[in-house]
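Okay everyone, quick one today. Have a look at the model on the screen while I talk.

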Amino acid sequence: MAENNESKEVLLHRLQVCGFILVELNEYLDSHPEDQDALRCFEKHRAMYEDASEAYTKRYGPVTILDHAATQGNRWRWIDGPWPWETEKEGM
Amino acid sequence: MWVYQKKLQYPVKVARPNPALARVIISQFGGPDGEMGAATRYLSQRFAAPNDETKGVLTDIGTEEFVPRCYKTTI
């Protein structure tokens, strides 16, 4: 997977961008459930999000409690810092 | 029901943290015009919604009302 060579910042940024696109499409599709262009766009970005999430969480920890990384190394990694509001340079 | 994602929705760089400013902004979360009130209203109103589209809109917008809280604490 090409994502394995990408940096933490690039992967996280992709999660944020794709995540935001999916949230916006979600709102739109709620009132336009038959819009084929919007459905295809959602599917495309969901696949992109899943690939980035798999690469990011494997190396940098869980984003949701359902990620495999949450229990990696026989420890509850969900609580490990930094939390998103603890910024040094940028968000998370 | 709800899932918390451990990332900010949009990347932010806070050059100079300002707790006093943050306190003012956070105070806007409550009260009649705040996000908390809006979230609670939408999430309650969806139970009386007449169709699936409306239930979806109220659920999802109600959920999104909690996002600004994360940015206020980051400041």
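I'll go through the helix packing and then the salt bridges.

This is a predicted model, so local features need pLDDT of at least 70 and side-chain atom pairs count only at pLDDT 80 or more, while totals for chains, interfaces and linings use all residues. Side-chain values use heavy atoms, without hydrogens or water; residues are numbered from 1 along each chain as written, and chains are lettered from A and ligands numbered from 1 in written order.

Helices first (DSSP runs of H or I, at least four residues, numbered from the N terminus). The axes of α1(A), residues 8-31, and α3(B), residues 52-64, come within 8 Å and cross at roughly 155°. Those axes are lines fitted to C-alpha atoms over the stretch in contact, with angles from 0 to 180 degrees between N-to-C directions. That makes α1(A) roughly antiparallel to α3(B), a label for angles over 145 degrees.

Inside chain B, the axes of α2(B), residues 35-45, and α3(B) also come within 8 Å, crossing at roughly 160°. So α2(B) is roughly antiparallel to α3(B) too.

Now, how many salt bridges are there over all chains? Four, where the cut-off is a Lys or Arg side-chain nitrogen within 4 Å of an Asp or Glu carboxyl oxygen. One of them joins Glu6(A) and Arg14(A), with the closest N and O atoms 2.9 Å apart. Arg40(A) pairs with Glu43(A) at 3.1 Å, and both sit in α2 of chain A, three residues apart. Over in α3 of chain B, Asp52(B) meets Lys55(B) at 3.9 Å, N to O.

Technical notes:
Helices (H or I, at least four residues) and strands (E, at least two) are DSSP runs, numbered from the N terminus. Angles under 35 degrees count as roughly parallel, over 145 as roughly antiparallel, 65 to 115 as roughly perpendicular and the rest as oblique.
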